[in-house]
Amino acid sequence: MACPEEIIDYMHDYLDEEISSEKERLLKEHLASCEDCRNYLYELKKAVSFVKVPLDLKVSSDFTHRVMASLPQEDKKKKRIKGWMMGHPVLSAAALFIVLISGAILTSWNQGNDFSVNRQSNLVVQNHTVIVPEGKTVKGDILVRNGDIKIEGKVQGDVTVINGNRYLASAGSVTGEIKEIDQAFEWLWYKIKTGVQGVSNFLTTNNGK
Amino acid sequence: MEVLIKEKIKQVLKGNQNAYSYIVEEYKEKVFYLCYRMIGNRHEAEDLAQEAFVKAYVNIKSFNLNMKFSTWIYRIATNLCIDRMRKKKPDYYLDAEIAGTDGLDMYSQIASDTESPEDEVESMEMQDTIQNEISKLPEKYRSVIILKYIEDLSLKEISDTLDLPVNTVKTRIHRGREALRLQLRHL
């Protein structure tokens with residue numbers, strides 16, 4: 001073939017439908033005068049049309065079903081929860097907060113099933129009863145868990161009884177508050193209140209400085 | 001249709017797994033044809049097409065919603081097919097031509113007692129011949145030819161799918177077409 005080399009490139013550009021009108025004109029002129037090149041282009045077109053013959057194959061009818069069955073399943077649950085949380089960020093944060101806080105406080109309440117009392121001088125402990133003996137003075141707050149307290153002497157501070165009773169003898173006196181806490185809810189409330197008080201005390205002392 | 005597909009993808013991203021079945025239904029034939037032309041075996045092609053859909057689902061978060069889903073699933077399928085071809089080079093299939101026998105394949109080595117009607121044989125033979133010729137193309141020409149002529153993608157779309165420069169795609173199509181011309185001219 002004594003044809004210009006670029007003619008074949010033009011054929012490909014033509015088949016890609018990316019030929020400039022100038023090149024197309026050159027190609028057509030050449031084809032009109034060259035049988036070999038006409039044949040060459042015909043063979044290219046024929047090859048393409050063979051490749052384009054549609055397949056008479058069908059995918060199995062359960063194709064989609066099988067794909068869906070092989071998708072990872074645990075992803076599904078995770079994504080649904082995640083999707084909900086992303087849709088309700090404030091609610092999620094609030095729920096998480098409540099779960100964590102009540103969890104922490106309730107464990108500290110449950111841990112206190114045993115009898116306990118904070119250490120103060122002049123306190124006498126008999127079985128599950130804490131006694132402030134007659135004529136003695138306890139300086140500071142008293143916190144009794146799962147036990148009773150009998151106050152026959154003086155307490156200079158608050159007395160708190162959790163899951164227990166307090167008996168105040170006529171001679172006994174308490175300068176601070178006396179509280180009895182019986183239920184988990186009150187315990188929660190007490191924790192929150194002391195927490196807030198602690199924070200405000202901290203703030204006021206800091207401001208004082 | 002692209003808009004509808006995007007909507008379904010957003011639902012999948014929100015955790016609605018069932019929305020994915022719509023996407024599979026929409027693209028299953030095309031992905032299957034792509035795999036079949038790449039690999040030349042029906043059962044393997046179906047396995048690969050399914051694998052491609054599962055892989056696309058698992059990685060759906062990395063799908064760029066500005067892209068066409070077809071580009072993405074074709075890329076996954078093409079890569080899976082190329083991997084499979086590289087792994088299984090020395091492998092024999094019943095419909096693979098036996099060297100030096102000019103058109104005889106393993107099916108003709110097995111005595112068959114069910115005769116298919118003449119014209120069906122003819123069209124089957126034609127399909128097989130075309131498939132054989134496509135299978136002879138080196139993989140880099142094969143993938144561009146399939147995307148161009150079986151999936152009807154533009155040069156730009158092929159370039160996006162295979163992550164190749166448009167000019168490389170063009171050259172490969174030209175060479176692939178040359179190879180096919182030589183293989184199919186006597187038909």
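This is a predicted model: local features need pLDDT of at least 70, side-chain atom pairs count only at pLDDT 80 or more; totals for chains, interfaces and linings use all residues.
Chain A holds seven helices and 11 strands, whereas chain B holds eight helices and zero strands. Of the 187 residues in chain B, 33% are buried; of the 209 residues in chain A, 14% are buried. Contacts were also sorted by sequence separation. In chain B, 60% of the contacts with a separation of 6 or more involve residues 24 or more positions apart. In chain A, 22% of the contacts between residues at least 6 apart join residues at least 24 apart.

In chain B, helix H1 (residues 2–13) packs on helix H2 (residues 19–39) at an angle of about 145°, and the two axes lie 8 Å apart. The crossing of H1(B) and H2(B) is left-handed. On the H1(B) side the contact is made by Ile5(B), Lys8(B), Gln11(B) and Val12(B), and on the H2(B) side by Ala19(B), Tyr20(B), Tyr22(B), Ile23(B) and Glu26(B). By class, six of the residues in this contact are nonpolar, one is polar and two are charged.

Helix H3 of chain B comprises residues 42–58. The buried residues of H3(B) are Ala45(B), Glu46(B), Leu48(B), Ala49(B), Gln50(B), Ala52(B), Phe53(B), Val54(B), Ala56(B) and Tyr57(B). These buried residues pack against H2 and helix H4 (69–87) of chain B, and also against helix H4 (63–69) of chain A. An α-helix has 3.6 residues a turn, so residues three or four places apart point the same way.

Val54(B) lies in this helix, H3 of chain B. Val54(B) counts as buried because 20 other C-beta atoms lie within 10 Å, and 20 or more is the requirement for a buried residue. With neighbours within four places in sequence left aside, Val54(B) is in contact with Val67(A), Ser70(A) and Leu71(A). Val54(B) and Val24(B) are separated by 30 residues in sequence, and their C-alpha atoms are 9.7 Å apart in space.

Helix H8 of chain B, residues 166–184, was examined in the same way. At 1.5 Å a residue, its 19 residues should span 27 Å; the end C-alpha atoms are 26 Å apart, which agrees. Buried positions in H8(B) are Val169(B), Arg172(B), Ile173(B), His174(B), Gly176(B), Arg177(B), Leu180(B) and Leu184(B).

Between the chains, 29 residues of chain A are in contact with 34 residues of chain B. On the chain A side, the elements that give two or more residues are helix H1 (6–15), helix H3 (35–52), H4 and helix H5 (74–87). H3(A) provides the largest share of this side, with eight residues. The chain A side divides into 15 nonpolar, five polar and nine charged residues.

The strands of chain A include an open sheet of four strands in the order E2-E3-E6-E9, with mixed pairing. Strand E2 (124–126) and strand E9 (166–168) of chain A stand at the edges with a single partner strand each, so one side of each lacks a neighbour in the sheet. Neighbouring strands of this sheet are turned against each other by 20° on average, direction ignored. E2(A) runs antiparallel to strand E3 (residues 129–132) of chain A, to which three bridges join it. Val125(A) has Val130(A) in E3(A) as its bridge partner.

Further pairings in chain A involve strand E5 (residues 142–145). Strand E1 (residues 116–117) of chain A pairs with E5(A) in the antiparallel sense over two bridges, and Ser116(A) has Arg145(A) in E5(A) as its bridge partner. E5(A) also pairs with strand E8 (residues 159–162) of chain A, in the parallel sense and over four bridges. In this pairing, Leu143(A) stands opposite Thr160(A) in E8(A).

Note on methods
Residues are numbered from 1 along each chain as its sequence is written. Chains are lettered from A and ligands numbered from 1 in the order in which they are written. Axes are lines fitted to C-alpha atoms, for helices over the stretch in contact, and angles run from 0 to 180 degrees between N-to-C directions. A crossing is left-handed if the near helix is turned anticlockwise from the far one by less than a right angle, and right-handed if clockwise. Two residues are in contact if their C-beta atoms, placed from the backbone, lie within 7 Å. Ala, Val, Leu, Ile, Met, Phe, Trp, Tyr, Cys and Pro count as nonpolar, Asp, Glu, Lys and Arg as charged, and the others, Gly among them, as polar. Two strands pair if DSSP finds at least two bridges between them. The expected span of a helix is 1.5 Å times one less than its number of residues. A residue is buried if 20 or more other C-beta atoms lie within 10 Å of its own, exposed if 12 or fewer, and partly exposed in between; C-beta atoms are placed from the backbone.
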